[in-house]
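Take a slow look at the model below. The paragraphs after it walk through a few of its parts.

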Amino acid sequence: MSDADERRPIADDELSGLFAGFDRYSSILIAVSGGPDSTALLHLAARWRAGAGAGPTLVAATIDHGFRPASADEATMVAQQAQALGVPHRTLAWTGTKPARGIQAAARAARYALLTAAARQAGAQAIAVAHTLDDQAETVLFRLARGSGLAGLAGMQAVSTRDGLDLLRPFLGVPKARLVATLEAAGIAFAEDPSNLDGRFTRARLRVLMPALAAEELSARRFATFSRRAARADAALEATTDDAVQRLSPVPWRHGGPARLDRAGFADLPEEIALRLIGRALAHAGTEGPVELAKLEVLTQALRVAAENGPAPFRRTLAGALVAIRGGEVTVTSAPPRGKSAFRRRIQGRLRPASLARAGVAPRLSSGWCGRFHRRRAGEEGFPSLW
(Lines give C-alpha, C1' and ligand atoms only; values in the text may rest on other atoms or scores of the structure.)
Protein backbone atom coordinates (compact mmCIF):
# COMPACT_ATOMS: atom_id res chain seq x y z
CA MET A 1 0.00 0.00 0.00
CA SER A 2 1.39 3.42 -0.99
CA ASP A 3 1.87 6.32 1.39
CA ALA A 4 -1.13 8.04 -0.22
CA ASP A 5 -3.32 4.98 0.42
CA GLU A 6 -2.14 4.87 4.03
CA ARG A 7 -3.61 8.37 4.50
CA ARG A 8 -6.80 8.00 2.46
CA PRO A 9 -10.11 8.57 4.32
CA ILE A 10 -12.33 5.53 4.89
CA ALA A 11 -14.94 5.30 2.12
CA ASP A 12 -18.55 4.20 2.56
CA ASP A 13 -18.00 1.08 0.46
CA GLU A 14 -15.41 -0.14 2.98
CA LEU A 15 -17.76 -0.05 5.97
CA SER A 16 -19.47 -3.39 5.36
CA GLY A 17 -16.08 -5.11 5.41
CA LEU A 18 -14.88 -3.28 8.52
CA PHE A 19 -18.02 -4.05 10.49
CA ALA A 20 -18.68 -7.55 9.18
CA GLY A 21 -19.95 -9.64 12.05
CA PHE A 22 -21.35 -6.73 14.07
CA ASP A 23 -24.86 -7.71 12.99
CA ARG A 24 -24.54 -10.94 15.02
CA TYR A 25 -25.21 -8.86 18.13
CA SER A 26 -28.35 -7.10 19.22
CA SER A 27 -26.41 -4.41 21.11
CA ILE A 28 -22.77 -3.24 21.13
CA LEU A 29 -21.04 -0.86 23.52
CA ILE A 30 -18.50 1.39 21.77
CA ALA A 31 -15.60 2.60 23.92
CA VAL A 32 -14.86 6.22 22.94
CA SER A 33 -12.10 8.17 24.65
CA GLY A 34 -12.36 11.23 22.41
CA GLY A 35 -9.07 10.46 20.64
CA PRO A 36 -9.02 10.12 16.85
CA ASP A 37 -9.21 6.33 16.68
CA SER A 38 -12.22 5.85 18.95
CA THR A 39 -13.96 8.97 17.63
CA ALA A 40 -13.66 7.51 14.13
CA LEU A 41 -15.04 4.20 15.44
CA LEU A 42 -18.13 5.95 16.83
CA HIS A 43 -18.83 7.90 13.64
CA LEU A 44 -18.07 5.11 11.18
CA ALA A 45 -20.09 2.51 13.13
CA ALA A 46 -23.06 4.90 13.21
CA ARG A 47 -22.62 5.60 9.50
CA TRP A 48 -22.47 1.87 8.73
CA ARG A 49 -25.62 1.17 10.72
CA ALA A 50 -27.51 4.04 9.09
CA GLY A 51 -26.46 2.86 5.63
CA ALA A 52 -27.43 -0.73 6.36
CA GLY A 53 -30.83 0.33 7.66
CA ALA A 54 -30.57 -2.26 10.43
CA GLY A 55 -28.09 -3.74 12.85
CA PRO A 56 -27.29 -3.72 16.53
CA THR A 57 -28.22 -0.97 18.93
CA LEU A 58 -25.12 1.14 19.54
CA VAL A 59 -24.28 2.57 22.95
CA ALA A 60 -21.20 4.73 23.61
CA ALA A 61 -19.21 5.02 26.83
CA THR A 62 -16.30 7.26 27.81
CA ILE A 63 -13.98 6.58 30.74
CA ASP A 64 -12.90 9.67 32.68
CA HIS A 65 -9.74 8.51 34.44
CA GLY A 66 -9.43 11.83 36.25
CA PHE A 67 -5.75 12.22 35.36
CA ARG A 68 -6.06 15.51 33.45
CA PRO A 69 -8.35 18.54 33.88
CA ALA A 70 -9.25 18.29 30.19
CA SER A 71 -10.66 14.77 30.51
CA ALA A 72 -14.08 15.97 31.67
CA ASP A 73 -14.33 18.34 28.68
CA GLU A 74 -13.33 15.50 26.33
CA ALA A 75 -16.07 13.28 27.76
CA THR A 76 -18.57 16.11 27.19
CA MET A 77 -17.40 16.46 23.60
CA VAL A 78 -17.95 12.74 22.99
CA ALA A 79 -21.40 12.91 24.60
CA GLN A 80 -22.37 15.76 22.28
CA GLN A 81 -21.15 13.90 19.19
CA ALA A 82 -22.95 10.73 20.24
CA GLN A 83 -26.17 12.66 20.80
CA ALA A 84 -25.92 14.18 17.31
CA LEU A 85 -25.58 10.64 15.91
CA GLY A 86 -28.51 9.34 17.93
CA VAL A 87 -26.30 7.08 20.03
CA PRO A 88 -26.91 6.92 23.80
CA HIS A 89 -23.80 7.84 25.79
CA ARG A 90 -22.52 7.37 29.33
CA THR A 91 -19.48 8.86 31.06
CA LEU A 92 -17.88 6.43 33.51
CA ALA A 93 -15.51 7.79 36.17
CA TRP A 94 -12.58 5.86 37.60
CA THR A 95 -12.72 6.84 41.25
CA GLY A 96 -10.67 5.85 44.24
CA THR A 97 -6.96 5.82 44.97
CA LYS A 98 -4.66 5.56 41.97
CA PRO A 99 -1.43 3.51 42.28
CA ALA A 100 1.91 5.30 42.31
CA ARG A 101 3.45 2.67 40.01
CA GLY A 102 2.06 0.67 37.10
CA ILE A 103 -0.52 3.37 36.47
CA GLN A 104 -1.15 2.46 32.83
CA ALA A 105 -1.79 -1.21 33.61
CA ALA A 106 -4.07 -0.23 36.48
CA ALA A 107 -5.94 2.24 34.27
CA ARG A 108 -6.39 -0.42 31.59
CA ALA A 109 -7.82 -2.89 34.11
CA ALA A 110 -10.15 -0.23 35.55
CA ARG A 111 -11.23 0.82 32.06
CA TYR A 112 -12.25 -2.69 31.03
CA ALA A 113 -14.00 -3.30 34.36
CA LEU A 114 -16.07 -0.13 33.92
CA LEU A 115 -16.83 -0.90 30.27
CA THR A 116 -17.87 -4.45 31.10
CA ALA A 117 -20.24 -3.27 33.82
CA ALA A 118 -21.72 -0.64 31.52
CA ALA A 119 -22.15 -3.15 28.69
CA ARG A 120 -24.02 -5.56 30.93
CA GLN A 121 -26.21 -2.79 32.24
CA ALA A 122 -27.03 -1.75 28.66
CA GLY A 123 -27.74 -5.33 27.61
CA ALA A 124 -24.81 -5.33 25.15
CA GLN A 125 -23.16 -8.62 24.22
CA ALA A 126 -19.95 -7.04 22.91
CA ILE A 127 -17.60 -4.10 23.40
CA ALA A 128 -16.00 -2.45 20.36
CA VAL A 129 -12.59 -0.80 20.77
CA ALA A 130 -10.53 1.15 18.25
CA HIS A 131 -7.12 -0.54 18.25
CA THR A 132 -5.44 0.10 14.91
CA LEU A 133 -2.73 -1.42 12.75
CA ASP A 134 -0.24 0.84 14.54
CA ASP A 135 -1.43 -0.38 17.94
CA GLN A 136 -1.00 -3.97 16.79
CA ALA A 137 2.59 -3.27 15.75
CA GLU A 138 3.35 -1.60 19.07
CA THR A 139 1.79 -4.52 20.95
CA VAL A 140 3.93 -7.08 19.12
CA LEU A 141 7.08 -5.00 19.66
CA PHE A 142 6.22 -4.47 23.34
CA ARG A 143 5.66 -8.20 23.89
CA LEU A 144 8.81 -9.08 21.99
CA ALA A 145 10.76 -6.78 24.30
CA ARG A 146 9.15 -8.51 27.30
CA GLY A 147 10.13 -11.98 26.09
CA SER A 148 6.64 -13.22 25.21
CA GLY A 149 6.10 -16.60 23.62
CA LEU A 150 4.27 -17.33 20.40
CA ALA A 151 0.81 -16.70 21.86
CA GLY A 152 1.85 -13.22 22.98
CA LEU A 153 3.51 -12.42 19.67
CA ALA A 154 0.25 -13.25 17.91
CA GLY A 155 -0.84 -9.84 19.17
CA MET A 156 -4.43 -8.74 19.51
CA GLN A 157 -7.25 -10.59 17.76
CA ALA A 158 -10.12 -9.04 15.81
CA VAL A 159 -12.57 -10.90 18.07
CA SER A 160 -11.69 -12.13 21.53
CA THR A 161 -13.53 -12.73 24.81
CA ARG A 162 -13.11 -10.85 28.06
CA ASP A 163 -15.21 -11.36 31.18
CA GLY A 164 -17.91 -13.17 29.24
CA LEU A 165 -18.30 -10.46 26.57
CA ASP A 166 -16.91 -10.37 23.04
CA LEU A 167 -14.25 -7.74 22.44
CA LEU A 168 -14.37 -6.43 18.86
CA ARG A 169 -11.46 -4.69 17.12
CA PRO A 170 -12.60 -3.77 13.59
CA PHE A 171 -9.63 -1.46 12.87
CA LEU A 172 -6.70 -3.85 13.42
CA GLY A 173 -5.88 -3.70 9.70
CA VAL A 174 -6.41 0.07 9.40
CA PRO A 175 -3.54 2.57 9.81
CA LYS A 176 -4.20 5.34 12.32
CA ALA A 177 -3.44 7.91 9.62
CA ARG A 178 -6.53 6.82 7.66
CA LEU A 179 -8.76 7.37 10.68
CA VAL A 180 -7.31 10.84 11.27
CA ALA A 181 -7.81 11.64 7.58
CA THR A 182 -11.43 10.45 7.82
CA LEU A 183 -12.19 12.81 10.68
CA GLU A 184 -10.37 15.74 9.13
CA ALA A 185 -12.21 15.29 5.83
CA ALA A 186 -15.56 15.35 7.65
CA GLY A 187 -14.60 18.22 9.98
CA ILE A 188 -15.08 16.09 13.10
CA ALA A 189 -13.27 17.26 16.24
CA PHE A 190 -11.14 14.94 18.33
CA ALA A 191 -8.75 15.18 21.27
CA GLU A 192 -5.09 14.24 21.62
CA ASP A 193 -3.96 12.57 24.83
CA PRO A 194 -0.50 13.92 25.80
CA SER A 195 0.28 10.69 27.67
CA ASN A 196 0.67 9.00 24.27
CA LEU A 197 3.97 10.89 23.94
CA ASP A 198 5.03 10.69 27.59
CA GLY A 199 8.49 9.11 27.67
CA ARG A 200 7.87 7.68 31.15
CA PHE A 201 5.74 4.96 29.53
CA THR A 202 7.20 2.08 27.54
CA ARG A 203 4.60 2.22 24.78
CA ALA A 204 5.28 5.91 24.20
CA ARG A 205 9.01 5.22 23.86
CA LEU A 206 8.36 2.37 21.43
CA ARG A 207 6.01 4.61 19.44
CA VAL A 208 8.86 7.04 18.88
CA LEU A 209 10.96 4.20 17.45
CA MET A 210 8.39 3.11 14.86
CA PRO A 211 9.40 5.55 12.05
CA ALA A 212 13.04 4.44 12.31
CA LEU A 213 11.99 0.78 12.23
CA ALA A 214 9.76 1.44 9.22
CA ALA A 215 12.77 2.90 7.41
CA GLU A 216 14.42 -0.51 7.89
CA GLU A 217 11.37 -2.29 6.41
CA LEU A 218 9.94 -3.07 9.87
CA SER A 219 6.75 -1.18 9.20
CA ALA A 220 3.48 -1.55 11.10
CA ARG A 221 2.20 -3.77 8.30
CA ARG A 222 5.23 -6.05 8.60
CA PHE A 223 4.62 -6.42 12.33
CA ALA A 224 0.94 -7.12 11.67
CA THR A 225 1.84 -9.77 9.09
CA PHE A 226 4.17 -11.38 11.60
CA SER A 227 1.41 -11.37 14.24
CA ARG A 228 -1.00 -13.12 11.85
CA ARG A 229 1.56 -15.81 11.09
CA ALA A 230 2.33 -16.23 14.79
CA ALA A 231 -1.40 -16.56 15.47
CA ARG A 232 -1.70 -19.23 12.77
CA ALA A 233 1.17 -21.25 14.27
CA ASP A 234 -0.19 -20.75 17.78
CA ALA A 235 -3.60 -22.10 16.73
CA ALA A 236 -1.97 -25.22 15.29
CA LEU A 237 0.02 -25.81 18.48
CA GLU A 238 -3.11 -25.32 20.60
CA ALA A 239 -4.93 -27.92 18.50
CA THR A 240 -2.06 -30.36 19.05
CA THR A 241 -2.20 -29.64 22.78
CA ASP A 242 -5.95 -30.34 22.75
CA ASP A 243 -5.16 -33.76 21.29
CA ALA A 244 -2.45 -34.38 23.91
CA VAL A 245 -4.90 -33.64 26.73
CA GLN A 246 -7.32 -36.21 25.33
CA ARG A 247 -4.66 -38.88 24.72
CA LEU A 248 -2.73 -38.59 27.97
CA SER A 249 -5.48 -37.99 30.54
CA PRO A 250 -6.79 -41.26 32.04
CA VAL A 251 -9.86 -39.36 33.27
CA PRO A 252 -11.29 -35.97 32.26
CA TRP A 253 -10.08 -32.96 34.20
CA ARG A 254 -12.97 -31.90 36.40
CA HIS A 255 -13.42 -28.64 38.24
CA GLY A 256 -11.73 -28.84 41.62
CA GLY A 257 -10.05 -32.15 40.77
CA PRO A 258 -6.49 -33.01 39.73
CA ALA A 259 -5.05 -32.98 36.23
CA ARG A 260 -3.59 -36.45 35.61
CA LEU A 261 -1.32 -37.32 32.68
CA ASP A 262 0.33 -40.52 31.50
CA ARG A 263 3.99 -40.20 32.46
CA ALA A 264 5.52 -42.04 29.52
CA GLY A 265 3.31 -40.23 27.02
CA PHE A 266 4.21 -36.89 28.56
CA ALA A 267 7.92 -37.67 28.34
CA ASP A 268 7.53 -38.32 24.60
CA LEU A 269 5.85 -35.01 23.81
CA PRO A 270 7.65 -32.27 21.85
CA GLU A 271 8.91 -29.64 24.26
CA GLU A 272 6.47 -26.92 23.17
CA ILE A 273 3.44 -29.20 23.55
CA ALA A 274 4.64 -30.38 26.97
CA LEU A 275 5.05 -26.74 27.99
CA ARG A 276 1.53 -25.84 26.91
CA LEU A 277 0.07 -28.94 28.49
CA ILE A 278 1.59 -28.19 31.90
CA GLY A 279 0.52 -24.57 31.54
CA ARG A 280 -3.07 -25.73 31.09
CA ALA A 281 -2.79 -28.08 34.06
CA LEU A 282 -1.50 -25.25 36.24
CA ALA A 283 -4.38 -23.03 35.11
CA HIS A 284 -6.80 -25.86 35.90
CA ALA A 285 -5.52 -26.72 39.39
CA GLY A 286 -3.61 -23.63 40.52
CA THR A 287 -4.95 -20.80 42.62
CA GLU A 288 -2.54 -17.95 41.93
CA GLY A 289 -3.36 -16.88 38.39
CA PRO A 290 -1.29 -16.99 35.19
CA VAL A 291 2.27 -18.27 35.47
CA GLU A 292 5.27 -16.47 34.01
CA LEU A 293 6.55 -18.16 30.87
CA ALA A 294 10.16 -18.32 32.13
CA LYS A 295 9.06 -20.08 35.33
CA LEU A 296 6.86 -22.45 33.35
CA GLU A 297 9.81 -23.31 31.11
CA VAL A 298 12.04 -24.15 34.08
CA LEU A 299 9.35 -26.34 35.66
CA THR A 300 8.50 -28.15 32.43
CA GLN A 301 12.15 -28.89 31.66
CA ALA A 302 12.73 -30.35 35.15
CA LEU A 303 9.52 -32.36 34.91
CA ARG A 304 10.46 -33.80 31.50
CA VAL A 305 13.87 -34.88 32.80
CA ALA A 306 12.27 -36.55 35.83
CA ALA A 307 9.59 -38.24 33.69
CA GLU A 308 12.21 -39.68 31.36
CA ASN A 309 14.89 -40.74 33.84
CA GLY A 310 13.39 -43.07 36.38
CA PRO A 311 11.78 -43.49 39.75
CA ALA A 312 13.24 -40.52 41.67
CA PRO A 313 10.40 -38.56 43.34
CA PHE A 314 9.39 -35.22 41.87
CA ARG A 315 7.43 -32.47 43.63
CA ARG A 316 7.35 -28.80 42.69
CA THR A 317 4.89 -26.00 43.37
CA LEU A 318 4.07 -23.14 41.03
CA ALA A 319 1.15 -20.73 40.72
CA GLY A 320 -0.69 -22.34 43.60
CA ALA A 321 -0.42 -25.86 42.14
CA LEU A 322 1.56 -28.93 43.16
CA VAL A 323 3.18 -30.84 40.28
CA ALA A 324 4.31 -34.36 41.12
CA ILE A 325 5.21 -37.70 39.59
CA ARG A 326 3.46 -40.64 41.21
CA GLY A 327 4.22 -43.99 39.65
CA GLY A 328 3.19 -43.89 36.02
CA GLU A 329 1.40 -40.53 36.24
CA VAL A 330 2.18 -36.85 36.29
CA THR A 331 -0.36 -35.17 38.59
CA VAL A 332 -1.15 -31.48 39.05
CA THR A 333 -3.27 -30.60 42.07
CA SER A 334 -3.98 -27.52 44.15
CA ALA A 335 -1.02 -26.84 46.43
CA PRO A 336 -1.54 -26.76 50.20
CA PRO A 337 -1.60 -23.26 51.73
CA ARG A 338 1.83 -21.72 52.01
CA GLY A 339 3.57 -22.58 55.29
CA LYS A 340 1.11 -25.36 56.07
CA SER A 341 2.79 -28.53 54.92
CA ALA A 342 1.21 -31.85 55.78
CA PHE A 343 4.05 -32.56 58.23
CA ARG A 344 3.57 -29.24 59.97
CA ARG A 345 -0.19 -29.72 60.23
CA ARG A 346 0.28 -33.18 61.77
CA ILE A 347 2.80 -31.93 64.34
CA GLN A 348 0.72 -28.90 65.23
CA GLY A 349 -2.33 -31.11 65.74
CA ARG A 350 -0.40 -33.36 68.10
CA LEU A 351 0.91 -30.40 70.09
CA ARG A 352 -2.46 -28.83 70.83
CA PRO A 353 -3.23 -28.84 74.57
CA ALA A 354 -6.13 -31.28 74.20
CA SER A 355 -3.98 -33.74 72.27
CA LEU A 356 -1.17 -33.50 74.81
CA ALA A 357 -3.58 -33.96 77.70
CA ARG A 358 -5.01 -37.11 76.15
CA ALA A 359 -1.47 -38.43 75.79
CA GLY A 360 -0.77 -37.61 79.47
CA VAL A 361 2.37 -35.60 78.67
CA ALA A 362 1.25 -31.98 78.86
CA PRO A 363 2.68 -31.28 82.37
CA ARG A 364 6.14 -32.53 81.43
CA LEU A 365 6.24 -30.41 78.22
CA SER A 366 5.12 -27.11 79.65
CA SER A 367 8.65 -25.71 79.89
CA GLY A 368 10.32 -27.49 76.97
CA TRP A 369 10.41 -26.53 73.30
CA CYS A 370 6.76 -27.62 72.96
CA GLY A 371 5.92 -25.16 75.70
CA ARG A 372 7.74 -22.48 73.74
CA PHE A 373 5.66 -23.56 70.70
CA HIS A 374 2.42 -22.75 72.54
CA ARG A 375 3.75 -19.50 73.95
CA ARG A 376 4.88 -18.49 70.46
CA ARG A 377 1.33 -19.13 69.21
CA ALA A 378 0.27 -16.58 71.86
CA GLY A 379 2.78 -14.04 70.54
CA GLU A 380 5.96 -14.71 72.56
CA GLU A 381 9.45 -14.96 71.08
CA GLY A 382 11.81 -17.93 71.06
CA PHE A 383 10.04 -20.12 68.52
CA PRO A 384 12.23 -23.08 67.54
CA SER A 385 13.98 -22.98 64.17
CA LEU A 386 12.14 -26.16 63.07
CA TRP A 387 9.31 -23.87 61.95
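Leaving aside its neighbours within four places in sequence, which residues is Asp234 in contact with? They are Leu150, Ala151 and Arg276, where contact means heavy atoms within 4.5 Å. Asp234 has its place in helix α10, residues 220–248. Its relative accessible area is 13%, so Asp234 is buried (under 20% is buried, over 50% exposed, in between partly exposed, with a 1.4 Å probe and protein chains only).

A word on the basis. This is a predicted model, in which local features need pLDDT of at least 70, side-chain atom pairs count only at pLDDT 80 or more, and totals for chains, interfaces and linings use all residues. Residues are numbered from 1 along each chain as its sequence is written, and side-chain values use heavy atoms, leaving out hydrogens and water.

Now turn to the strands. Strand β2 (residues 57–64) and strand β3 (residues 89–93) run parallel, joined by five bridges. Two strands pair if DSSP finds at least two bridges between them. Helices (H or I, at least four residues) and strands (E, at least two) are DSSP runs, numbered from the N terminus. Ile63 has Leu92 of β3 as its bridge partner.

Next, the rings. Aromatic rings of Phe, Tyr and Trp (its six-membered ring) pair if their centres lie within 6.5 Å; planes under 30 degrees apart are stacked, over 60 edge-to-face, the rest tilted. There are four aromatic pairs. In one, the centres of Phe19 and Phe22 are 5.1 Å apart and the planes stand at 70°, so this pair is edge-to-face. Both Phe19 and Phe22 are buried. Ring pairs link Phe19, Phe22, Trp48 and Phe171 into a cluster.
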